[in-house]
Amino acid sequence: MSRRASRDDGLFPSEAEIARRLSQTPQDWAAKAKVLERDGLPRVDPLMGGRFWPAVRAYFLTRYGLSGAQAHAPDGPENLDAL
């Protein structure tokens, strides 16, 4: 495993990896990240050298109204004869 691959798999991926995960080009992501930081996107942690991925993901889930979404257990078997 290369050094780059192991860094991108961790909790503080590179900006290029974050761009990839968000379906952005690195150049587009750099410009958009500056705007989104004003709205609460986690900044690059100076000690760790990257953005904390779970916080980035949580930011976008909140931004799109999914922060409180929970998976529910099935309520029972379906009765297709009831239709």
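# Contacts, rings and core

Trainee: Leaving aside neighbours within four places in sequence, which residues is Ala-33 in contact with?

Mentor: This is a predicted model, in which local features need pLDDT of at least 70 and side-chain atom pairs count only at pLDDT 80 or more, while totals for chains, interfaces and linings use all residues. Residues are numbered from 1 along each chain as its sequence is written, and side-chain values use heavy atoms, with hydrogens and water left out. Contact means heavy atoms within 4.5 Å. With neighbours within four places in sequence set aside, Ala-33 is in contact with Leu-41 and Arg-51.

Trainee: Is Asp-8 buried or exposed?

Mentor: Buried means under 20% relative accessible area, exposed over 50%, and partly exposed in between (1.4 Å probe, protein chains only). Asp-8 has 11% relative accessibility, so this residue counts as buried.

Trainee: Which side chain does a polar contact of 2.8 Å join to that of Asp-8?

Mentor: A polar contact is a pair of N or O atoms within 3.5 Å; within protein, one must be able to donate a hydrogen and the other to accept it, and residues adjacent in sequence count only if both atoms are side-chain atoms. At 2.8 Å, the partner of the Asp-8 side chain is that of Ser-14.

Trainee: How many aromatic pairs does the structure hold, and what kind is the pair of Phe-12 and Phe-52?

Mentor: Rings of Phe, Tyr and Trp (its six-membered ring) pair if their centres lie within 6.5 Å; planes under 30 degrees apart count as stacked, over 60 as edge-to-face and the rest as tilted. The structure holds two such pairs. The ring centres of Phe-12 and Phe-52 are 5.4 Å apart and their planes stand at 40 degrees, so this pair is tilted.

Trainee: What kind is the pair of Tyr-59 and Phe-60?

Mentor: Tyr-59 is buried at a relative accessible area of 9%, and Phe-60 is buried at 18%. Their ring centres are 5.0 Å apart and their planes at 80 degrees, so the pair is edge-to-face.
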